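Hi everyone, thanks for coming along. I'd like to walk you through one structure today, so please have a look at it while I talk.

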Amino acid sequence: MSATTSRMPSEIRVRIAPSPTGDPHVGTAYIALFNYVFAKKHGGKFLLRIEDTDQTRSTLDSEAAILRALHWIGLTWDEGPDVGGPYGPYRQSERTDHYRSAAVDLIARGAAYPCFCTPERLESLKAAQRAAKQPPGYDRRCRSLDSAEAQARRASEPHTVRLAMPREGVTRFVDELRGDVEFSNATIDDQVLLKSDGFPTYHLANVVDDHLMKISHVIRAEEWISSTPKHVQLYRAFGWEAPLWVHMPLLRNADKSKISKRKNPVSLDYYRDSGFLPEALLNFLGNLGFSIGDNREKFTVAEMVAGFDWKKVSLGGPVFDLAKLTDLNGQYIRELSVEELLNRLHSWRLSDEYLRRVLPLEHQRIERLDQLIPATSFFFSGDLDHRPVLGELVPQGRDGASTAKVLADLVEALDNVRPWDKQAIEPVCRNFADSIGWKTKELFMAIRVAVTARTAAPPLFDTLEVVGKELCRRRLRSAAEMLRTATP
RNA sequence: GACCCCAUCGUCUAGCAGGCCUAGGACACCGGCCUUUCACGUCGGCGACACGGGUUCAAAUCCCGUUGGGGUCGCCA
């Protein structure tokens, strides 16, 4: 790809900035990998920053899960919330003073303004624009407020702070992978920078922190391209030098849309629990949008670092192909010595720790030791084959199509269960049965069959807890899919 | 819809300072070999430069357009 190479800052500092609002995402690992590799290539620093400015959705559990998953995959950061560093804190919720004073500064510079519009007004504005087939966007009503008046209201009224985007001209920036990108300012909205709860939006926080943390290159996903001009304007307003921009292609589903959990397993926990080796996953990710050259597809992160160059990055959005990942994973497994394989198995699910969770559930149900392994196979499996139990999946008097719908909806209902334990799972399932008018007995058997591929298994919620969230959800989804496509 | 990005086999990709390309590799798929079976391994097959204009002696490679795909348009990131 043609790379318009810009100046190379003396110290390379890059970051991965996940938002702790869900499960550890494979896209986070993908972007982290390229940040990491680029940093190591140039002897720079790779940092981890938690972007928890969404108070309603951020959780500590999610943050912990993300750090655990990133550690599992083997990427290590030089600075971050868990390891500290000279530019901390590395959690945005602990840096709110910076954003507030930055917002005040921006207002003083005339680059931002307080906005007193209510969410209700914004909503009706949007509705009106939609009805009139106008492009959506804030109408800038508060931008023309008398500044003394605005100043006075600011003290007493709830408000946001918006970016005063220039009304004319263009904003351009250089993307290291694509060259010049240009947006005409008139098409860019006056983004909210500071929410009414006093927390910053991504746009403000990311610019302020990247500057304060001396980030040299912002390497992020392509979906950010359209908001980059806002960031460029912010750097300009602050009088700061902007970092270099690199937008990586977006990982895709088989249908080419942006990778999503409805169409693909996206949680790193799924890959871990399904028996993928972290180095194989990383290697696979390294083959998406990047080619090391010389027809080599199997390479370590160290080799990727050695051979890395932005010129080797391609821009077509790569489809995440599980079959190819599986093949690569097989190559890694075959290369292991038996001793190493044993160790891998131990750190996977053949551990005393995991066995201690499984055994209590099966203990009273076996009469000979040899029955254990066959009876518990679904605790040690990734995807299950539901074909033999397709008939058992559908409760008496229900049909395949509606059962498929029920299971698919249940997957969504289970999405926000965190932590994943039986106390949390059970009420969600009971309420769900209630909400769809199914007897719990009907729903629970369907879940049991979907998750274990059998009709007899240990108590349902214990089973779900031990199998794990991602595997449960994947199996429910695939059972639903199988029912949906099965021709009765 | 507006704006922006992208475009080689079904998928991941090499090639893109134009000729070495009758387009290479890998996954998947199909077939042979190896083998008591399966897997591995190995050999072979199938299979792509989206389309149309230019530029050039010569274009997958450069330019323009069309088409297609994607992203964004939130007090989410």
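Let me start with a cluster: Tyr30, Phe34, Phe38, Phe290, Phe299, Phe308 and Trp310 are linked by ring pairs. Rings of Phe, Tyr and Trp (for Trp, its six-membered ring) pair if their centres lie within 6.5 Å, and planes under 30 degrees apart count as stacked, over 60 as edge-to-face and the rest as tilted.

Before going on, the ground rules. This is a predicted model, where local features need pLDDT of at least 70 and side-chain atom pairs count only at pLDDT 80 or more, while totals for chains, interfaces and linings use all residues. Residues are numbered from 1 along each chain as its sequence is written, chains are lettered from A and ligands numbered from 1 in the order in which they are written, and side-chain values use heavy atoms, with hydrogens and water left out.

Back to the rings: there are 20 aromatic pairs in the structure. One of them is Tyr270 with Tyr271, an edge-to-face pair with 5.1 Å centre to centre and 85° between the planes. Tyr270 is buried at a relative accessible area of 3%, and Tyr271 is buried too, at 0%. Buried here means under 20% relative accessible area, exposed over 50%, and partly exposed in between, using a 1.4 Å probe and protein chains only.

Next, please find Phe444 and Phe461, which pair edge-to-face at 5.1 Å centre to centre, with 90° between the planes. This pair links distant parts of the chain, with Phe444 in helix H18 (residues 440-452) and Phe461 in helix H19 (residues 460-467), 17 residues apart. Phe444 and Phe461 are both buried. As for the element names, helices (H or I, at least four residues) and strands (E, at least two) are DSSP runs, numbered from the N terminus.

Two rings also have an arginine over the face. Arg153 lies over Phe116, 4.2 Å from the ring centre, and Arg162 lies over Tyr138, at 3.7 Å from the ring centre. The criterion is that NZ of Lys or CZ of Arg is within 6 Å of the ring centre and within 35 degrees of the ring normal.

Some individual approaches are worth a look. Lys195 has a polar side-chain atom 2.7 Å from a phosphate oxygen of RNA strand B. The elements giving two or more residues to the surface near RNA strand B are helix H4 (119-131), strand S4 (160-163), strand S6 (179-184) and helix H11 (322-335). H11 supplies the largest share, four residues.

Let's turn to Asn35, which sits in helix H1 (residues 26-41). Is Asn35 buried or exposed? Asn35 is buried, with a relative accessible area of 0%. A polar atom of the Asn35 side chain lies 3.1 Å from the backbone oxygen of Ile219. Beyond residues up to four places away in sequence, Asn35 touches Val14, Arg15, Phe46 and Ile219, where contact means heavy atoms within 4.5 Å.

Finally, the backbone. Most residues other than glycine have a negative phi, and most peptide bonds are trans. Where are the cis bonds to look at? One joins Gly88 and Pro89, with omega about -5°, and Pro89 is in the loop between helix H2 (60-73) and helix H3 (96-108). Another runs from Arg418 to Pro419, with omega near 0°, and Pro419 is in the loop between helix H16 (400-414) and helix H17 (422-436).

As for positive phi, Lys256 has a value near 80°, lies in the loop between strand S9 (244-248) and helix H8 (268-273), and is partly exposed, with a relative accessible area of 49%. Ala453 has a positive phi near 60° and is found in the loop between H18 and H19.

Key:
A polar contact is a pair of N or O atoms within 3.5 Å; within protein, one must be able to donate a hydrogen and the other to accept it, and residues adjacent in sequence count only if both atoms are side-chain atoms.
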